[in-house]
Structures are given as structure tokens and as C-alpha cells.
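Subject: Structure for you to look at

Dear colleague,

I am handing over the structure we spoke about, and would ask you to open it alongside these notes.

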Amino acid sequence: MSEAIDATPGTAQRGTGDDRDVSGAASPVNALLHLDDVRKSYGMREALCGVSLAVQSGEFVALLGPNGAGKSTLFQLLTGLFNADTGRIRVCGHDIRRDPARALAGIGVVFQQTTVDLDLSVFTNLGFHARLHGIGGRRARERIDENLRRVGLADRAKDPVRALSGGNRRKVELARALVHEPAVLLMDEATVGLDPASRRQLLDEVLALRDRGVAVLWATHLVDEAEAADRVIVLHHGRILAEGHPDALVRSTGAPTLAEAFLKLTGGSQG
């Protein structure tokens with residue numbers, strides 16, 4: 001269970017006002033992403049132990065945890081790779097177990113590992129993804145052009161992805177994840193291997209999506225990536241230890257910084 005932490009109120013659009021309970025967690029009512037008591041075990045090892053969370057429209061939530069915390073397992077469940085042992089996951093009101101097609105259609109995801117075809121052009125990669133979601137012709141071209149402009153790669157549309165830098169490859173994956181206009185964006189340790197400037201640029205691109213009403217769940221072990229979040233959820237050994245606005249987590253632990261608060265909550269574990 002989460003600690004009772006008062007979140008700093010924000011705008012209603014970002015799910016940080018009256019739709020929160022006293023713990024600083026977003027209310028599941030009208031949440032675009034909602035997990036209720038989700039558990040997953042591998043043999044005798046319990047990877048997720050009753051995880052409950054909700055992400056509202058226009059809210060950026062950082063899922064902060066050291067390596068081995070359960071972040072990857074959680075994202076495997078959210079993307080339909082595995083089913084939870086117990087508990088419930090809903091995306092835009094659709095149960096991912098009972099109605100996986102509709103639930104997964106509401107999700108865009110950027111994985112930790114590269115999943116684009118390096119030998120195909122940027123445009124072709126995005127076009128293939130659009131067709132998978134039933135988007136073709138002029139509508140697909142418009143969506144692709146719009147998202148490449150958004151990430152600053154309009155002039156690289158015809159280039160093979162292999163010719164791009166690591167940071168720009170990540171931008172291609174972000175543009176691809178947004179082509180079908182998902183309500184929920186999942187970012188699974190998406191900055192791994194990027195230099196500091198590229199990390200910051202990708203983070204800023206995703207933070208800007210709040211103005212479009214996208215619900216973002218950003219998994220990371222890097223504290224600085226969580227500092228701009230509307231809410232931080234600290235996951236450790238498969239359990240949520242605390243959640244709330246970054247400032248609230250700092251105050252609740254008596255630590256001077258979010259990094260120190262994170263270390264205090266997790267017993268000094270590092271990512």
C-alpha cells in the first residue's frame with residue numbers, strides 16, 4: 001500500500017486536484033489507466049505484490065524504482081505480453097484480460113530496447129505501425145508527417161533508421177507510438193543509452209504531451225527524470241512504497257532532495 005502522502009494540488013486537467021484521494025494518488029474514477037491489486041509471480045518469486053495505481057488524462061506519472069523493482073514486469077502486463085495472476089488492469093475503461101484488442105488500442109509504448117527496423121526508412125517504419133492499427137492512405141501520411149514534425153524529424157523521413165543517432169532513433173519510436181493517437185503512453189526506461197542532452201530532449205517531448213491530454217506512465221531508475229513529474233510512484237521489490245508529488249515525497253521523508261528521499265525509501269538501493 002502507498003504511504004499517506006499529501007500531494008501538491010495542481011490543475012484538474014492533469015488529475016492533480018479534486019480527483020485525488022488524501023494519499024496523493026489519482027482516483028480510479030475516469031482514469032485512462034487503472035491497475036487494481038495486480039499480482040504476478042514467477043514460480044516462488046512474487047514480482048508484483050498487489051500494485052494499484054491510476055493515471056489521469058494529461059498527467060505525467062513517473063514510476064521510479066531501482067533495477068529489479070518490478071517495473072519491467074509491470075510493463076509486460078500493461079502491453080499484454082503476460083497476464084496478471086490476479087487483479088485488474090483497465091485502459092480507457094477496457095479490461096485488458098477481457099477485451100485486450102480495445103485496451104491495447106488505447107496504448108502507445110516505447111520500450112527499453114529498440115523495436116524499429118533499422119534498415120527501413122523512418123516513414124516506412126511509421127507507416128507499417130499505422131497499418132497495424134487500421135490507418136492507411138492520406139490519414140496515415142498526415143499522422144506520420146504531424147508526428148515527425150513534432151519530434152523534429154520531418155526532414156529525415158526518407159532516411160533509414162540506421163543512419164540516425166541514438167537520440168533520433170528514440171524520437172522515431174516516440175513518433176511511431178503516437179501515430180494511432182493513443183490515450184495512454186508507456187515509456188519503459190526509454191532513455192537507456194542516451195547522452196544527457198538526448199535524455200532531456202526526449203523527456204521534454206513527452207512532458208509536452210500533457211497539453212494534449214495524454215496519460216503518461218514513465219518508468220525509470222533515474223531520479224532526475226522524475227523531478228518534473230506530476231506524481232511519482234516509488235516501486236521496490238514489487239510493492240509501491242510511496243506516491244505523491246515530488247515535493248511531497250521529499251517532505252514526507254525529511255530528505256533534502258528527491259534523490260535522497262528515494263534512497264531513504266528504498267533502503268539505499270541504486271538503479
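Below is what was found in it, beginning with the basis of the values.

This is a predicted model, in which local features need pLDDT of at least 70 and side-chain atom pairs count only at pLDDT 80 or more, while totals for chains, interfaces and linings use all residues. Residues are numbered from 1 along each chain as its sequence is written, and side-chain values use heavy atoms, with hydrogens and water left out.

An open sheet of mixed pairing is formed by 6 strands in the order 6-7-8-3-9-10, where helices (H or I, at least four residues) and strands (E, at least two) are DSSP runs numbered from the N terminus, and two strands pair if DSSP finds at least two bridges between them. Strand 6 (107-110) and strand 10 (239-244) are the edge strands, each pairing on one side only. Within the sheet, strand 7 (residues 184-188) and strand 8 (residues 215-220) run parallel and are joined by 5 bridges, with Leu186 of the former opposite Leu217 in strand 8.

In helix 8 (residues 246-253), the residues Pro246, Ala248, Leu249, Val250 and Thr253 are buried, that is, under 20% relative accessible area with a 1.4 Å probe and protein chains only, whereas exposed means over 50% and partly exposed lies in between. Their cover includes helix 7 (223-226), strand 9 (231-236), strand 10 and helix 9 (258-265). After helix 8 comes Gly254, with a positive phi near 75 degrees.

Finally, Leu81 lies in the loop between helix 1 (71-78) and strand 4 (86-91), and counts as exposed because its relative accessibility is 55%.

Best regards

Definitions and conventions
Contact = heavy atoms within 4.5 Å.
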